Amino acid sequence: MIRYQITAIDPVAHLFEVALRIDKPAPVQQLWLPAWLPGSYMVRDFAKNLIDIRAFDEINRPLPLQQLDKQRWQVSSSAEVLHLRYRVYAWDLSVRTAHLDQTHGFFNGSSVFLAVAGREQQTHEVEILPPKGIVDWQLATMLPRVSGDDWQFGRFRAADYDELIDHPVEMGTFTIGTFNACGVRHDVILTGRHYCCMPRLLADLTAICESQIQLFGTPAPFDRYLFMTQVLKDGFGGLEHRASTALHCSRHELPQSVDAPVDKDYRNYLTLCSHEYFHSWNVKRIKPAAFMPYQLQAESYTRQLWAYEGITSYYDDLMTYRSGCIDKQGYLELLSQTFTRVYRGSGRLLQSLSDSSFNAWTKFYKQDENAGNAIVSYYTKGALFALFLDLTLRLETHGKKSLDDLMRLLWQRFGQKALGTADDSHQQLYSELLGRDATAEFAWLHQTEDLPLASLLAQFGVELKLRTSSGNSDQGGGNIDGLTVGFGAKYKAESIGIRLTSISNGSAAHKAGLSAKDLLIAADGLQVSTQFEQALQRYQPGTSITLHWFRDDVLMTGELPIEAAAKDTVSLILKDDVQAKAWLG
C-alpha cells in the first residue's frame, strides 16, 4: 500500500505539507507528478508548485534524491521503507489545482500527490489532517472513507492512483444540503459567503439529476455524488470527477428564495451543474480509447472532444429544460446564445471540429485575443453538431429515435464495458439508429462551413433569425432589432475610454487600425464610453470618423469607416408549438 499524509501546514503562506511512505521500494525508485488533469486539456506543470522535496529511509536518514526532469524524481537506496516529504504552494483559485488560505482549502490529487512509478495500480491510502489552531473546519470528498464520520478529517483509501486523483477535496466551513435522486444520495456544499435558499437549489438539482439518470437508465454509475461549489464575488467554472464535481459560481447566481424566478444568473449556475453532472457518463465512463488509461505526463491527443464536450454542452441546457427548471423560451434563448458564440467567430470558417478537438492543448486552452479569428470551440460548435444529429435522427425516424438513443448505446456498449471509443464509433452507432450510412452527416466534422440548421429547425416550428447585435452586451436571443452601424470589437470599461479586448478581422475596427489592448479615448473629437457603439448610430454608412487611442503610451489615430453592422447574432423564435413538441415536447 502507498500511504500519504497531507496537512494544511500554513494557510497564511498557502502551503500544504505531504508525507509519502513507500514500503519495499524498488532499488531505483522513480516518482512523478501529472502535468495535466483529466477534463482540462492543457499542460499545467503542477510540479512547479512542489517545494523542498526530501527523501529519508526508515530511520529518518537522508537519502540522495535526483530530479530527472520537470516532473520526475529518482531515489536509489536499499532502504526497506522510503519516506518523502515536500510542500505544495496552493494559491490557484480555480477548480483545477489547489488553493489554501485562512478561509478554506481545496486540492485535486493530481497537483499534490506524487505517483510511485510502477505501483500506480496498488491501493493508495491518505490521511488528511486539519490545520493547527483551526477547530471548526469540515472536510468534503468522495474518496472512500477508512476513518471518521461524514464531513470530518480522517483516513481515506483509493483502489489505485487514478482513483486517488479523481476525488477533489474541500475543507473549511461550508453549508451542506442533501437530496435523493433515483435512490442515490447527493450532497451539496457551498463554501464562502452566500445567501442561497438551499431548499430551492436542492429541488432544482434533484430534477436535473433524475432527468439525466433516467436518460441513461438506472442504476446510476455511482453510489453517492457530491456537488462542491466555491462561492465568489465573480466566478465561473467546473470540472467533472467520477462521483463529484468542483464548481465556482458568483454570489448572485444562487437562488435567494423558494419561489424566485429562474433568472439568467441562476440559469447559468444550473446549466453548469447540469454540464458537469452529464460528464459522469459522457467522458468519465464513456471516453476515447486514447484516454484509457490517461497518460498524464504529456499531452494525450484525440479528435473526439467534439463528442465529449460538444454533446455534453448540447445536453446541459436541454436537460435543464427537460427537468422543468427553465421553460421552452428560456431554453431557446440559451441555444440562441450558443449559436451566436459560434457565428461571431470567423475562425469557424478556418478550423474544423475534428481539428479543434485535436488542437485543444495548444489552441483552445491557450486562447489569445485573436482566437475568434483563428479557431472554433468544440464546446459550442460541437453542441450545434449534436443538435444537427438530434434533429436529423428525429426527422428521418419520424420521432422513433433521437440523440438520447445514441447516448444510451454508447453507455451500454462502451461505458458499462469500460471500452474506449474510436474516432468512428459515434458514426457507426448513429448509422445503426438511422438505418443508413451516416458518412455524409459526419463529414461535417472535417468541414468548416456552417451547419444546415435553419431548415432543420424550421421543420420543428422554430425560426433561426440572423440579426445584427444590439451592442457589446448582446449575447444573442430575443426578438429584437440590432444596431445598423457596426464596430467589430469587444471592449471593457476603463476610467477614461474603453479597452479593446479583441478585434474581428475585416471589421470596421480592423480597418481603422485598432488592435486588442488599445485604449480608445476619443471618436470624432469626443471622449468615448461604453456606449460607443450606440453613439456610432448617428453616422451615415459610407462616411468615416477620426479615432484617437493609446497603444501602450503612444497616442495613435486612424479613420473608422462607418459600415453596416454584420449579422452575427442569432435569435431562435418559436413559430409553431405543435411542431416543436416533436423535439421539445
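Here is a short chat about cores, a strand and a surface patch in this predicted model.

Me: Which residues have the most contacts inside the largest nonpolar core?
Reply: Phe339 and Trp583. That core has 158 residues.

Me: Which helix gives the most to this core?
Reply: Helix α4, residues 305-322. It gives 10 residues.

Me: What does Trp583 touch?
Reply: Leaving out residues up to four places away in sequence, its contacts include Tyr314, Tyr331, Leu387, Asp390, Arg394 and Phe460.

Me: How many residues are in the other core?
Reply: The other core has 22 and lies apart from the largest one. Among them are Phe487, Leu547, Leu560 and Ile562.

Me: Switching to strand β25. Mostly covered or mostly open?
Reply: Mostly covered. Five of its five residues, 519-523, are buried.

Me: Which strands does β25 pair with?
Reply: β24, β27 and β26. The pairing with β24 is antiparallel, with two bridges. β27 is also antiparallel to β25, joined by four bridges. β26 pairs in the antiparallel sense over two bridges.

Me: Which residue is opposite Leu520 in β27?
Reply: Trp549. Towards β26, Ala522 stands opposite Gln527.

Me: Now the surface. Which residues make the nonpolar patch of about 280 Å²?
Reply: Ile51, Tyr89 and Trp91. Ile51 is in strand β4, residues 50-56.

Methods: Residues numbered from 1 in each chain as written. Predicted model: local features only at pLDDT ≥ 70, side-chain atom pairs only at ≥ 80, totals over all residues. Heavy atoms only, no water. Patch = residues over 30% accessible without salt bridge, like charges linked within 9 Å, V, L, I, M, F, W, Y side chains within 5 Å. Areas by Shrake-Rupley, 256 points an atom, 1.4 Å probe, with all protein chains shown as cover. Salt bridge = Lys/Arg side-chain N within 4 Å of Asp/Glu carboxyl O. Core = buried A, V, L, I, M, F, W, Y, C linked by side-chain atoms within 4.5 Å. Buried < 20%, exposed > 50% of the residue type's maximum accessible area, 1.4 Å probe, protein only. Contact = heavy atoms within 4.5 Å. Pairing = 2+ DSSP bridges.
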